[in-house]
Structures are given as structure tokens and as C-alpha cells.
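Please look over the following protein chain and its model.

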Amino acid sequence: MGLLDELEQEAQKRKASADEAERHKAEREEVFRTQLEPGMTALHNYLVKLIASLKVLQPKKQLKYALNGYGEIVAYPEHEYDIKVNQQPGSREITFTYPALISNEECPTVEVQGASKVRTVAAAFQRYHLGGVLEPKKDTSGEVVSAKFKAKGRIAQTAVFSADADSAVIKVSLTNFDALTTASKNFPASQLNDALFDDIGRYLTHEPNGLFREDLPDSYRNQLRTKVQQEQIKRRWESKISAQQQTDMDKLKRDQGIAGKFIKSAPEKPATEEKPADTSWFGKLKGLVKKDR
């Protein structure tokens with residue numbers, strides 16, 4: 001193959017690759033325009049209605065967060081909701097926030113000893129904008145070597161929902177709901193429906209939900225179901241066999257007990273005395289006669 005042919009083939013491959021990339025881009029833009037954008041609008045409307053109901057009902061929900069080095073923080077949601085929308089030609093973002101007020105009287109008072117441990121807990125308090133550092137004690141160099149901590153303040157709960165034409169998915173980022181961390185998950189445009197909105201609402205209000213439950217393929221789900229059924233059958237048979245073995249063992253013990261009583265009560269037979277062998281010449285003669293016969 002000549003040089004011109006090689007160059008021409010390479011040019012055709014690059015053109016085909018560029019055409020494929022352009023086609024995929026057009027498809028993603030179509031998904032954003034026809035599915036994601038309307039879906040994000042529907043999600044925003046759902047959150048607005050959710051906020052309106054929560055402000056009326058104001059449910060009191062106890063929240064608990066584990067903080068390393070300190071222990072458990074108890075808080076209750078405050079119904080001061082804020083929702084913002086950032087809309088661009090090829091993207092849309094919804095931010096939903098509300099605080100949880102720390103119940104200072106329900107939180108433990110923890111005394112921490114040692115400069116490094118004090119720094120660790122103090123850094124955690126600072127990271128989450130918590131107050132409640134009490135009675136700090138310093139050494140001769142001025143470093144805090146012991147202190148008491150009793151959490152107070154607010155914990156900001158933030159949910160961010162974003163979608164754009166480049167990814168063609170909805171990205172969900174949830175901070176400080178289940179724990180003092182951020183949980184993230186992506187959902188395809190096809191899942192932007194009432195069922196997903198309901199799971200999101202339940203998650204945001206700390207109700208049981210399936211937002212982070214993975215959807216298993218039907219084939220794998222059937223395999224799991226079959227395995228569970230087999231295990232149940234196996235356990236039933238093992239239970240039956242164990243019960244039968246116990247019944248047989250009890251019967252054997254009863255039979256042995258009856259036999260033992262019978263043996264003890266039966267009269268003993270005198271032992272049969274063995275006759276001594278006849279070693280006389282007459283006895284030997286009788287033996288020879290018997291052989292001849």
C-alpha cells in the first residue's frame with residue numbers, strides 16, 4: 001500500500017470517528033431536551049409541593065450522627081427550607097437545603113485527653129461548623145492537652161440535583177442526611193418519574209426509601225430467589241431429619257431401659273459344668289472306635 005493510500009485510510013477513520021462522536025452528542029442533546037429538562041422541571045415542582053406540606057405539618061424527626069472521636073450527635077430538622085434553580089442552555093441544577101438543629105442537652109459531654117486527640121476532635125467540630133468546646137487546658141507551651149466537648153449548633157443538609165446535555169443523566173448529591181458525609185448516585189433519564197421522586201422525598205425527610213437500592217437484573221433476581229427457596233427446603237429437611245433422629249434416640253433409650261429391667265429380674269441359670277476329658281485307655285479306645293465308624 002502506498003503512502004497516499006495509507007494517509008487516505010487514516011483520514012477516513014478520523015472522519016468516521018468524528019461523525020460518530022457528533023452523532024452521540026446529538027443523541028445526548030435530544031435526551032436532555034426531551035427527557036431531562038422536563039424531568040427536572042417536574043422534580044422542582046415536586047420539591048416545591050413537598051416543602052409546602054412540610055411547613056404545615058412540621059414533623060419532628062430525631063436524627064443521629066456518629067462523629068469519630070466524640071460519639072453520637074442528636075439533632076432535629078428545622079423547617080427552614082430553601083430551594084434554588086440554576087438554569088443554563090445545556091444544563092439545569094436544583095439545590096435543596098434545610099438545617100438540623102443539634103439538641104445540646106441530648107448530646108454527651110466528652111472529656112478528651114492528649115494533645116493529638118484534642119486536635120482531632122476539634123478539627124472534626126470545625127469541619128462541620130459545630131460549637132461546644134469546653135474547659136480547654138493548656139500545657140506550659142500553650143498547647144491544649146485536654147478539653148471537654150458537647151456538640152451544639154446546626155448541621156446543614158443539602159441535596160443537589162444536576163443534569164446536562166453532555167452526560168444525559170441526572171446526578172444526585174446528598175450531604176449530611178444519613179451521615180456526616182456526601183452520598184452520590186446517577187440516574188438515567190428514563191428513571192425520572194413519580195416513583196423516583198417519591199424515593200427522593202422520603203430520603204430528604206428521613207423516611208424509609210429505596211433511593212440507593214440497586215436494581216438487579218431479572219435473571220440474577222431469579223437466581224437469588226431459587227437459592228433462597230433451596231435453602232428453605234434444605235433447612236426444612238434438616239429439621240425433619242433432626243426431629244426423627246431425636247425420636248429414634250428416645251425410643252432406643254426406652255427400649256434399652258426395658259431390656260435392662262428384664263435382664264435384672266430374670267433368674268440366673270447355673271453355669272453348665274464341662275465334663276473333664278476321659279484320658280484313660282478305655283476312653284482312648286472309645287475315641288478310636290468312633291473314628292472307625
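In this predicted model, three strands form an open sheet in the order β5-β7-β6, and their pairing is antiparallel. Because β5 (110-113) and β6 (131-138) stand at the edges with a single partner strand each, one side of each has no neighbour in the sheet. Averaged over the sheet and with direction ignored, neighbouring strands are turned by 20° against each other.

**Pairing in the sheet**

- Strands of a sheet are held in pairs by backbone hydrogen bonds, and the pairing can be parallel or antiparallel.
- Strand β7 covers residues 144-152 and is joined to β5 by 4 bridges.
- The two strands β5 and β7 run antiparallel.
- Val112 has Ala147 of β7 as its bridge partner.

**The helix across the sheet**

- Which strands does helix α2 lie across?
- Helix α2, made of residues 115-127, lies across β5, β6 and β7.
- The angle between α2 and β7 is about 30°.

**The chain as a whole**

- The chain contains 5 helices and 10 strands.
- Of its 293 residues, 26% are buried, where buried means under 20% relative accessible area.
- Taking contacts between residues at least 6 apart in sequence, 62% join residues at least 24 apart.
- The chain has an accessible surface of about 20700 Å².
- Carbon and sulfur atoms account for 53% of that accessible surface.

Note on methods:
Residues are numbered from 1 along each chain as its sequence is written. This is a predicted model: local features need pLDDT of at least 70, side-chain atom pairs count only at pLDDT 80 or more; totals for chains, interfaces and linings use all residues. Side-chain values use heavy atoms; hydrogens and water are left out. Buried means under 20% relative accessible area, exposed over 50%, partly exposed in between (1.4 Å probe, protein chains only). Contact means heavy atoms within 4.5 Å. Accessible areas come from the Shrake-Rupley method with a 1.4 Å probe; for residues, only the protein chains shown count as cover. Two strands pair if DSSP finds at least two bridges between them. Axes are lines fitted to C-alpha atoms, for helices over the stretch in contact, and angles run from 0 to 180 degrees between N-to-C directions.
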